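Visitor: I would like a close look at a single part of this model, taken slowly. Could you walk me through the sheet and what lies around it?

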Amino acid sequence: MMQGPSIRVRRWSRREYEQLVERSFFRPDERLELLDGLLLVKEPQSSAHMTAVRLAEEALRAAFGTGWEVRPQGPIALDPRSEPEPDVSVVRGRPRDYRDAHPTSPVLVVEVALASLKLDRTRKSRAYARAGVPEFWIVNLVDRVLEVHRDPGRLEERRRWGYRFVQFLGRDAAVSPLAAPAALIVVADLLP
């Protein structure tokens, strides 16, 4: 039996990706992000998806207050091969602190998931855990729950990176972000 040529995948560095962005290589309407060296096409935004992004942004601004930057759909420089654009992230500081470079150490990352649920639970979760992001939330629009992922590290299963603590919260539950423990966010306030 004849074998066809093997498929080769070229992985990009964050530096290469940023150079392409600066040179306007991509079309303005292309929604891409770099994850583990691969260029991924981001999920199209339905009305429910965008509503959930705005609700999360609003709830997190109220929870964190001054001294924190709540960034909707902004790039995060995770590692040399990843620059995802989570739906919402929370970083220390103010907008001008990131004029010359994207943030590298978010305290909380939020993804809103419909079609991207599997990707968010696997590849994105591993990337955020590997980068040491202490808390990762998935606003799961499929099951209408909030998935709270905490305690990043290497898991026993095949020594992959992930979160050791994962909790599924229904709409009547509430959660306090690790970096803003005095705040209380009701899950229903995140769901469209």
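Guide: Strand E5 (residues 108–113) and strand E6 (residues 135–140) run parallel and are joined by five bridges, where strands (E, at least two residues) and helices (H or I, at least four) are DSSP runs numbered from the N terminus, and two strands pair if DSSP finds at least two bridges between them. Within this pair, valine 110 stands opposite tryptophan 137 in E6. This is a predicted model, in which local features need pLDDT of at least 70 and side-chain atom pairs count only at pLDDT 80 or more, while totals for chains, interfaces and linings use all residues. Residues are numbered from 1 along each chain as its sequence is written, and side-chain values use heavy atoms, with hydrogens and water left out.

E5 and E6 belong to an open sheet of six strands with mixed pairing, in the order E3-E4-E5-E6-E7-E8. At its edges are strand E3 (68–72) and strand E8 (161–169), each of which pairs on one side only.

Helix H2 (residues 47–64) packs on the sheet and touches E3, strand E4 (88–92), E5 and E6, contact meaning heavy atoms within 4.5 Å. Histidine 49 lies in helix H2, and because its relative accessible area is 2%, histidine 49 counts as buried (buried is under 20%, exposed over 50%, partly exposed in between, with a 1.4 Å probe and protein chains only). Leaving aside neighbours within four places in sequence, histidine 49 is in contact with Glu43, Gln73, Asp87, Val112 and Leu141.

Leucine 114, in the loop between E5 and helix H3 (117–130), is partly exposed at 32% relative accessibility.

Definitions and conventions
Axes fitted to C-alpha atoms, helices over the stretch in contact; angles between N-to-C directions.
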